[in-house]
Amino acid sequence: MNEREKHPFQATGEPSISAEKAHFRSHLRNLRDSIPDKLRKEKSALIGQKVLSWVKNNPAKTLHLFLSFGTEPDTHPLVSALLDKKFALVVPVIREASLVLTSFERGTPLRPGPFGILEPAVVHPVAPEGVDLFFLPGLGFDRRGGRIGYGRGYYDRLLRNTTAPLIALAFQEQIVDRVPLSETDILVDTILTDKEIIHCDRSRKD
């Protein structure tokens with residue numbers, strides 16, 4: 001694969017942001033899906049180790065962790081590990097086209113949500129202001145903190161006013177030169193991949 005194929009987003013034209021994002025999503029989803037299952041499991045374990053090291057060195061009491069789906073970095077082993085360490089966990093739930101947060105404990109009953117992602121069957125709401133640190137999913141990221149999600153803007157709306165650190169979990173393959181950003185898109189502070197820790201500059205400059 002040549003450099004142009006790896007980063008097809010460095011176009012010379014000026015496509016609309018929405019069209020450019022759609023192209024990104026398709027490419028990045030295919031790229032992530034192409035990681036072999038065994039390698040994905042190994043990479044997920046390395047990301048998990050970085051998460052556990054991060055929370056050890058950056059004290060927080062209440063953590064947000066997404067319940068992984070499909071070919072995302074597997075967070076399910078992290079759920080048990082963080083509960084073992086006595087952290088309070090909250091996870092996302094989709095309700096009426098919005099993302100809400102709910103507390104999560106060991107043995108919490110789960111059911112498939114609107115997109116097939118497992119989520120607690122009963123919601124015990126937690127305000128974003130009650131979370132000390134967010135571990136976030138996404139399809140792609142860049143080193144300025146740009147994030148491209150799945151296109152519905154759930155996290156962008158939920159976290160618009162939060163001051164808690166936003167930390168993305170991603171495979172190294174999901175790191176690109178530039179993510180197209182809209183004015184309402186949130187930026188992440190840090191990205192933990194299977195190969196490195198990226199401290200983002202949180203700049204919107206292209």
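## Model and confidence

Helices, of at least four residues, and strands, of at least two, are DSSP runs numbered from the N terminus. The structure described here is a predicted model.

The average pLDDT of the protein is 89. A score of at least 70 is reached by 91% of the residues. Residues 1–14 stay under 50. For this stretch, the model has 18 contacts beyond four places in sequence.

## Helices α3 and α4

Two packed helices are described by the angle between their axes and the distance between the axes. Helix α3 covers residues 37–57, and helix α4 covers residues 76–84. Their axes come within 10 Å. The crossing angle is roughly 25°. Angles under 35 degrees count as roughly parallel, so α3 and α4 are roughly parallel to each other. Their crossing is right-handed.

Which residues of α3 meet α4? They are Gly48, Val51, Leu52 and Val55. On the α4 side, the partners are Leu78, Ala81 and Leu82. By class, this contact has six nonpolar residues and one polar residue. It has no charged residues.

## Positive phi in loops

Most residues other than glycine have a negative phi. Lysine 86 has a positive phi of about 70°, although lysine 86 is not a glycine. Where does lysine 86 lie? Its place is the loop between α4 and β2, a strand that spans 88–95. The relative accessible area of lysine 86 is 72%. Exposed means over 50%, so lysine 86 counts as exposed.

Alanine 97 also has a positive phi, near 65°. This residue, too, is other than glycine. Alanine 97 sits in the loop between β2 and β3, and β3 spans 98–104. Is alanine 97 buried or exposed? With a relative accessible area of 52%, alanine 97 is exposed.

Leucine 158 belongs to helix α5, residues 154–158. Its relative accessibility is 17%. Buried means under 20%, so leucine 158 counts as buried. Leaving out neighbours within four places in sequence, leucine 158 is in contact with Leu99, Leu101 and Pro128. Isoleucine 197 is 39 residues from leucine 158 along the chain. The C-alpha atoms of leucine 158 and isoleucine 197 are separated by 25 Å.

Leucine 159 is placed in the loop between α5 and β9. Strand β9 spans 166–169. Leucine 159 has 2% relative accessibility and counts as buried. What does leucine 159 touch, not counting residues up to four places away in sequence? The contacts are Phe134, Leu136, Leu166 and Ile186. Leucine 159 and valine 93 are 66 residues apart in sequence. Their C-alpha atoms are 14 Å apart in space.

## Arginine 202

Arginine 202 lies in the segment after β11, a strand that spans 197–199. Its relative accessible area is 40%.

Arginine 202 touches Arg144, Leu187, Val188 and Asp189, with residues up to four places away in sequence not counted. How far apart in space are arginine 202 and leucine 187? They are 6.1 Å apart, C-alpha to C-alpha. In sequence, arginine 202 and leucine 187 are 15 residues apart.

Methods
Residues numbered from 1 in each chain as written. Predicted model: local features only at pLDDT ≥ 70, side-chain atom pairs only at ≥ 80, totals over all residues. Heavy atoms only, no water. Axes fitted to C-alpha atoms, helices over the stretch in contact; angles between N-to-C directions. Parallel < 35°, antiparallel > 145°, perpendicular 65-115°, else oblique. Left-handed = near helix turned anticlockwise from the far one by under 90°. Contact = heavy atoms within 4.5 Å. Nonpolar A, V, L, I, M, F, W, Y, C, P; charged D, E, K, R; others polar. Buried < 20%, exposed > 50% of the residue type's maximum accessible area, 1.4 Å probe, protein only. pLDDT = per-residue confidence, 0-100.
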